[in-house]
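Thanks for making the time, everyone. I would like to walk through one surface feature and then one interface, giving the cut-offs as we go.

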Amino acid sequence: MKRWVAVVIAALVLVPLVASVGVAQAPKIGLILATGGLGDRSFNDQSFKGADDAAAVIAAQYGVTVEDVLDYVEPADIAEYEGFQLQFADSGEYAIIVCIGFDQAAPLEIVAPQYPDQKFVIVDMVVIGDNVASVVTNDWEEAFLCGVVAGMMTETNVVGFEGGMEIPLIIGFMNGYTQGAQWANPDVDVLVRYVGEWANPTLGAELAREMYNAGADIIYGAAGKSHLGVFAAAEENDGWYALGTDVDQAATAPEHADVIIASGLKRVDLAVESEIMKMVNGTWAAGIFSYGILTDFGFGTGIAVGNLDVNQYITKSESEVEVPCEVILKLIEAANGIADGTIVIEP
Amino acid sequence: MLKRSTLLREMGITLLSITLAFGIGAFIIWAAGFSVSAVFINLWKGAFGGKLAIGQTLTKATPIIFTSLSFLIAFRCGLFNIGAEGQMYIGAMVAAVVGAHLHLPIVLHVVACLAAGGLAGAFWGWIPGYLKAQRGVNEFVSTMMLSYVAIGFSDYLVAPRGPLHDDKYWANQTVRIAATAALPRILKPTQVSMALAVAIFFALLVWYYLFRTPAGYELRSVGLSPPAAEYGGIRIKRKLILALSLAGLLAGLAGSGEVLGTHFRFIGRFSPGYGWDGIAGGLIARAHPIGAIFAALLMGALRAGGMQVQRSGAAPGDIAAVLQGLVIFFIIAPTLVRTLIRWRRR
């Protein structure tokens, strides 16, 4: 009897062990999104796209499905981050765990040292560690380019900015936008409002309406899902326009393509994809990776505007709003100025 | 005390309710086009499948033990404390401030934080208690409304430009508490901390108070029959205020435990609804303090399992939340209906 039990236990332990050695496993990706969640048609969706694209490549390589490679969660609030980070890391199933959003930094600083062999990526904030790659972006560059568009196209000489929270990350956007608008049009005034939440489009629309009524005719949104409300508010009146963030939002929110003049670009998808592919290729390293026009990469920010791909910074948009040629020319001047250092943006 | 046969019957009803909830949940999962077996397997795995899973369950159960106690101690006095969520936020906030800005030796610092958080929660419970006793204000409404005040106030404190905002991480949270104020974690690498032991200790304490002391007996007799209690010489008004203050104290401790053991700081909107879970927990436990421990474990397991359901991709988090809601609803519904009928007859 005793021996029989021992045999069964040995079989239970050994069979999965042998099985896992026998088949080359596809490396799995764990993705923890920011609290804005999927469906923001901006930052989170773009991050997801990057991970999804990488997963598709891996899946094709190993002959499995994307679902086998990519697992993701949408935490509802920041208190859930640490629990999810632990769950992913402790399962030991994931070759790399990608944490989206600045607010994951505090829990990651606790979790990452406990799993020294686990590779982590954090987007939008720096966490120092031998197993963490921090991906940051010169957000103020995309905001500056959006400011140029707003400054040139405003008819009231008043433009608006709607941020998610009054934190250095978003203040960087606001400063870039303000400087861009005033670089293109010294007479312009910029109104600034902060929603205080990343996933509240209703409040986002409320604040946008207030700015429109105060005379702003173009509002730039950098508030995650919340600034979808800016687009909705812009629909309510002729002559009210909006600018999108991080992706061509005229394409991701096509129902608002008639009010979204242009969108700042932050290629967080490329950044996430490249981190994952580095892991696959065995070249992954910890450290800080900074994307933007004025960084080692020389890409990562830009603007989607007009109907032509001009260069790597100025690409075409699905927007239905007519953009005059001189705006595009001014944008080229601005992008070149940022790249060669003649335009210095204070973030 | 419950008679043995009643106890068995109550347990039978509870088990039946859980089964029914899972049955209907299975139907909804199937109708929504997800694999029923995958969802349930992951629900189990996330709640009990391994050290981390058990850790998650215990982590989530810890504050729910406190909030269940908070609900049931008021319930025993014939009151509905719907405001544990807000009392918890106030307690958590005060504990975080004392934990970060006071310098005390180890142990003493923890005790000071727990005391401060508990007392702050007690104050938040005392207000509706006083209004109820002196002015007859319905505690149902006042405790709930004060919850929104508490949560909104804490939002203001930790938002950017708020006085307690931590500039280092940008997120809506306070700075980290001092190492001397932290409750040690007891099941590393999980977030389970000594707060769990404190919670169980308080469950025993509440049981002793309610069933083994004259003061607890008086509190219960107010709940059973106010006129009889008054005839017996119990000062009802004082008991009402005391019951809601104690409820606030326990909820305040729930928040303090979260700050001192789980997050080491106050995080804006840290609670996924532990205060509301306490209402369910208290009712599932049939208002018994020891039962509250097990009710909280069930609620914690559902929350932890829900996270795993989401992570594994078996179904979106919303589906897991639906399942949680169903279980709570089915277990509470009979109790709630019975209670309401009894109250109408009165």
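Helix 1 of chain B, residues 4-31, gives the largest share of the nonpolar patch, namely four residues, where helices are DSSP runs of H or I with at least four residues, numbered from the N terminus. This is a predicted model, in which local features need pLDDT of at least 70 and side-chain atom pairs count only at pLDDT 80 or more, while totals for chains, interfaces and linings use all residues. Residues are numbered from 1 along each chain as its sequence is written, chains are lettered from A in the order in which they are written, and side-chain values use heavy atoms, without hydrogens or water.

The patch covers about 480 Å² and is made by B:Ile24, B:Phe27, B:Ile28, B:Trp30 and B:Val322; its members need over 30% relative accessible area and no salt bridge, with nonpolar side chains joined within 5 Å. B:Val322 lies in helix 13, residues 317-345 of chain B, and counts as partly exposed because its relative accessibility is 36%, between the limits of 20% and 50%.

Turning to the interface, 30 residues of chain B and 34 residues of chain A take part in the contact, meaning heavy atoms within 4.5 Å. About 2,600 Å² is buried between chain B and chain A, 58% of it from carbon and sulfur atoms, as accessible area (1.4 Å probe) lost on being put together, summed over both. Of the area that chain B buries there, B:Tyr169, B:Trp170 and B:Arg311 supply 31%, more than any other three residues.

Between the two chains there are two salt bridges, each a side-chain nitrogen of Lys or Arg within 4 Å of a carboxyl oxygen of Asp or Glu. B:Arg185 forms a salt bridge with A:Glu82, with the closest N and O atoms 3.0 Å apart.

Methods:
Patch = residues over 30% accessible without salt bridge, like charges linked within 9 Å, V, L, I, M, F, W, Y side chains within 5 Å. Areas by Shrake-Rupley, 256 points an atom, 1.4 Å probe, with all protein chains shown as cover. Helix = DSSP H or I, 4+ residues; strand = E, 2+ residues; numbered from the N terminus. Buried < 20%, exposed > 50% of the residue type's maximum accessible area, 1.4 Å probe, protein only. Buried area = accessible area lost by both parts, 1.4 Å probe.
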